[in-house]
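Student: Hi! Could you walk me through this protein, one piece at a time?
Tutor: Happy to. Have a look at it, then ask away.

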Amino acid sequence: MTVGSATTERTEHAYRQAARLIFTSHYTVALTGAGISTPSGIPDFRTPGSGLWERYDPAAAASLTTFRYSPHQFYEWVRTLMGEWIAAEPNPAHRALAELESAGRLQCLVTQNIDGLHQRAGSRRILCLHGTLDSATCGSCYRQTGSEEVLTALRTPGALPRCVRCGGVLKPDVILFGEQLPRATLDAARREFRRAELILVAGSSLEVVPAASLPLEGIERGAHLIVFNRIPTYLDERADVVLHEDVALALPTLVRLALHDNA
Ligand code: ZN
C-alpha cells in the first residue's frame with residue numbers, strides 16, 4: 001500500500017467515524033472560529049500575526065482604549081473590516097452547519113465570529129461569543145441600532161458614526177480587546193457545552209480564551225469531540241476524530257455522510 005492511499009484511507013475512516021458520532025448523538029454543540037469564514041474572504045479578527053493583523057496592530061486598533069480615546073483611528077480599522085464584511089457571502093461550511101441544524105442533528109452553534117454569516121446561511125440557534133457587526137450601540141446613551149448607520153457614516157472620509165439621539169459615538173457590537181465577554185452569552189454557552197453529548201469544533205484553532213476552554217466543559221462530562229481545523233489545536237489529543245483540512249471542503253463532506261449516507 002502506498003503512503004498516498006494509506007492517508008486517503010485514514011481520512012475516509014475519520015469522516016465515517018465523525019458521521020457516526022453525529023448520527024448517534026442526541027445533543028450536539030458546535031464551536032466555530034475564524035477558519036470557517038476565511039474562505040468567505042473575512043480576515044481573522046482576533047488572531048495576532050494573521051489576517052487583519054498583518055495590517056493593524058491589535059493593541060492599537062481593535063481595543064476599547066482606542067475606541068474611547070482615538071475613535072478616528074478605531075474607525076479606520078472598522079472601515080477596512082466592514083468593507084470586507086459587506087462583500088462576504090456564506091460558504092459551504094456555513095451552509096453545512098445550517099443544514100445539520102435543520103435536520104435536527106445540531107442543537108446549538110457557538111461562534112467566535114462577528115460576521116453574521118452563520119445566520120445568513122440559515123443557522124438559528126446561535127450564540128455569538130464575540131458579538132456581531134450587525135448592530136452598534138451608542139457609547140453615551142446606549143441606544144442600539146443596525147449596522148446601516150455605521151456604514152452610512154463611514155462613506156464620508158473622516159466622519160465618525162454618531163447617535164441620532166444624543167450625538168455620542170456609535171460602537172459596533174463586537175467585543176474588543178480589553179472588553180469582557182457578555183456574561184449571559186458566556187454562561188449560556190457553558191450550559192450548552194455541559195449538556196453536549198458531542199462537540200464539533202470547526203475552523204477554530206482554540207487560541208482565544210475563554211472560548212477556547214469551553215469544549216472542556218463538555219469533554220470533562222464525557223462528551224465526544226470532533227476537531228476539524230486546518231492546523232492542530234490543543235484539544236486534538238482528546239478528540240475522537242481529528243481532521244486537518246479546509247473546513248469549506250470538510251464540513252459539507254461530513255454533513256453529507258451524516259445525513260444522507262446514513263453514516
Ligand atoms: Zn446616544
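Predicted model: local features only at pLDDT ≥ 70, side-chain atom pairs only at ≥ 80, totals over all residues.

Student: OK, how many bridges join strand 7 to strand 8?
Tutor: Five, and the two strands run parallel.

Student: And how many join strand 1 to strand 7?
Tutor: Five bridges there too, between residues 28-32 of strand 1 and residues 198-202 of strand 7, again running parallel. For example, L31 has V201 as its bridge partner, and T32 is partnered by A202.

Student: What order do the strands of the sheet have?
Tutor: The order is 3-2-1-7-8-9, in an open sheet of six strands with parallel pairing. Strand 3 (126-128) and strand 9 (241-243) stand at the edges with a single partner strand each, so one side of each has no neighbour in the sheet. From one strand to the next, the twist averages 15°.

Student: Back to strand 7. Are its residues mostly buried or exposed?
Tutor: Buried: that holds for five of its five residues. L198, L200 and A202 point one way, while I199 and V201 point the other way.

Student: Which helix lies across strand 7?
Tutor: Helix 7 (residues 183-195) does, and it also lies across strand 1, strand 2 and strand 3. Helix 7 runs at about 135° to strand 3.

Student: New topic! What holds the zinc ion?
Tutor: Its protein donors are the SG atoms of C138, C141, C163 and C166, lying 2.2 to 2.4 Å from the ion. Along the chain they follow the spacing C-x2-C-x21-C-x2-C. C138 lies in strand 4 and C163 in the loop between helix 6 and strand 6, so this pair ties together parts that are 25 residues apart in sequence. Both C138 and C163 are buried.

Student: Why is the arrangement called tetrahedral?
Tutor: Because the four donor atoms subtend angles of 96 to 116° around the zinc ion.

Student: Last one: which residues touch the most other members of the largest nonpolar core?
Tutor: L97, I226, F228, L251 and L254, out of 30 residues in that core. Helix 9 (247-260) gives the largest share, with seven residues.

Definitions and conventions. Residues numbered from 1 in each chain as written. Heavy atoms only, no water. Pairing = 2+ DSSP bridges. Helix = DSSP H or I, 4+ residues; strand = E, 2+ residues; numbered from the N terminus. Axes fitted to C-alpha atoms, helices over the stretch in contact; angles between N-to-C directions. Contact = heavy atoms within 4.5 Å. Donors = N, O, S within 2.8 Å, 3.2 Å for Na, K, Ca; no water. Tetrahedral: all angles 85-135°; square planar, octahedral: opposite > 155°, others 65-115°. Buried < 20%, exposed > 50% of the residue type's maximum accessible area, 1.4 Å probe, protein only. Core = buried A, V, L, I, M, F, W, Y, C linked by side-chain atoms within 4.5 Å.
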